[in-house]
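Open the model in your viewer and show it as a cartoon.

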Amino acid sequence: MNKNLTRYAAVGLALTLLGACGSDSKSSSDTQAATATEAGGTTAGGTTPSAGGTGGALKTGLTIAIIPKAINNAYFDAAFVGAQKACTELGATCEQVGPTEATGAAQTEFINTEIQKGVDAIVISAADADSVTPSLQQAKAAGITVVTYDADVNDTTARLAMIKPTTPDLIASSQDKWISDAIGPDGGEIAILSAAATAENQNAWIELMKKDLAANYPKLTLVDTVYGDDDAAKSADKAAALLQSHPNLKGIISPTTVGVAATAKYISGSEFKGKVQVTGLGLPSEMKAYLKDGTVKTVGLWDPGMLGYLGVYAAVNAASGNDLKAGFAGGDQTYTPDGDGVVIVGPPAEFTAANVDQFKF
Amino acid sequence: MKQLNRLQWDKFVPVLVMLTLLVGSFSNEKFLTTSNMTFLIQSIGEIMLIAFSMTFLIIAGEIDLSVSSTAALSSCTLGFVWQHTSNIPLAVLSALAVGFVCGAINGLLVTKLGLQSLAVTIGTLALYRGLCFALLGDNRLTPFPTSFTSLNFKGLFGTWVPYVVVPLVVFGVAFGVVLHATRLGRWVFAIGQSKDAARFVGISVQRTVLAMFITNGLMAGVAGVIYTIRFASARPDGAVGMELEVIAAALFAGVSIFGGVGTMWAVASSVAFLGSIRSLLRLKGANANELTIVTGSLLLVSVVIPAIGVRVSGRRHSRSPLRGALDPAPTGGADLGNRGTPDEPQVLARP
């Protein structure tokens, strides 16, 4: 009997542990349940006039699950901040749920749970373009609005819209514009400091940048393209070499976060500060110092927050019965998906000394 | 005494499942619904199938860590053969054959070369995964026919019960009967108690162990096919980490990692219990980090508390039945098959 007692003690302890865990999350789940009931009850009533753009009135009180590829990830946390902002504006409740490891199989469990909870919409970044599809189809069959952000699924019938940060064309043309604006109307020689020579994204952008330069910026001459391999020290060396070998250089574009930070750091501490302009794709957190000390006038990058923000707007519009294809309002702009349901957020966000503090990534 | 001790826990694991379902149904209205049960059963299908055959191996004092890679290789083979022949029955048979061969390789290395199963299957865990990438590269195959993948959505006879229940029940009953009601099953326990003693009483240890590895590979193959259906895709990095979920469930069920002890019903219940807890916690809004912590704590509790109990009662009795398992044995962990209690082979009492 003694042994039996120990067994039951063990079980008791296990259950206490579970109980503790359950009560921790109880209040939040109760809130969700309440909101869900409210959403169900207000299907006919609680609507607000559309914030503008096309489409009818938007429902309030919707529950939206934001499912990133994995939690504990700064990029997705930044996207969720945008999603929360949209939810506040639209009177929706949103929650970020997801696995710790970015696999489709792990995400499936969370999609299934959200189907069970009966959320109104799922906004998901697919960890795997295929294996989440069966679950998303089930969500769709259960009447849940599915929108993808950041990473799409291959079977585009499984979701209503995909929110994509930007396009290669916009990335290329924005950087050309930034360097031209920084150098001024007289133009001059510029160079590119890229990542690895084999980096596919960067190479594609550089090709587009060259075409755009030739077509729109006759006074800018691209004299050299060098590769810093996304290594800070190597990138700084390459920047120094560029400045030595091209004495008339007026600007450097670095379409990679490591390269642009290293170049800016080198130039901010050199005699070239203010004489040679730097721009490119950089993280606001890393570029803040160089924007504020005047080394860099503008850098940019897509804002992950906009992915979450527009994901929620698209989801709420679709869940309210509006046809997304007719265009939908997201904040103060109207977005229209292309034939595949892809919505482009727009040109990369621009960071300057004046606005860089607003961006938390 | 040992039998009594283990039996109490074994019988309590099914009770735990019922308690979870009961508590769950009161604490969350979405939990005990047909659709959630469908998801729940689907989510534990592959793990439970492999756990059935893994139980045999662990009771016999062996282990197979390569099952997740075997399942993935079987899934990739299914995709590969389907892509090249457009013949689903042939593709499924090839997938099962791959499972058989993977298990046979493990078994032959362990029995013919006398290597430790832990070392062998850590090796094949990596090897089989490597073969997945060799077969498919970084690609995944998805163009499976809907008639095949829609199996996942179809319930039995149009009900909520997912099709995967059929293999679960069939294999569960079959493995349970073999383990607990046949001579082969008693051999497995005998081997786990002591390989030498088993050999002395005329049990063909090598053939039995080989057969168990092959069966385990085959079950991983079956799990690979079901995994492919569930995710409508074959991918070289599929099912990663599944081996730990399988082994954790078996240990939670009271199957001794030292061999010789364990029951099939407790293992099946343990998989169901861990699955239900996760489902319930997710519905209650727990995030993935909290789930990991709870699952880990439960496993620890299931191992630590009974051990403390036995240690305490061992002071009262002059001869503790589990002392061999708790105190560091002089042989160390090297010989997993030897529990050091050859004087207690109750399972051998009936030849």
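In what order do the four strands of the open sheet in chain A lie? The order is β9-β8-β10-β11, and the pairing is parallel. Strands pair if DSSP finds at least two bridges between them. Strands (E, at least two residues) and helices (H or I, at least four) are DSSP runs, numbered from the N terminus.

This is a predicted model: local features need pLDDT of at least 70, side-chain atom pairs count only at pLDDT 80 or more, and totals for chains, interfaces and linings use all residues. Residues are numbered from 1 along each chain as its sequence is written, while chains are lettered from A and ligands numbered from 1 in the order in which they are written.

Axes are lines fitted to C-alpha atoms, for helices over the stretch in contact; angles run from 0 to 180 degrees between N-to-C directions.

**β10 and β11.** Select 249–254 of chain A, which is β10. Four bridges join β10(A) to β11(A), and the two run parallel. Pick Ile252(A): its bridge partner in β11(A) is Val278(A).

**The helices.** Next, select α8, residues 257–268 of chain A. Helix α8 packs on the sheet and touches β8, β10 and β11 of chain A. Its direction makes about 165 degrees with that of β11(A). Contact means C-beta atoms, placed from the backbone, within 7 Å. Now take α5, residues 168–183 of chain A. Helix α5 lies across β8 (188–194), β9, β10 and β11 of chain A, at about 160 degrees to β11(A).

**Zoom out.** Chain A has ten helices and 16 strands.

Note on methods
Two residues are in contact if their C-beta atoms, placed from the backbone, lie within 7 Å.
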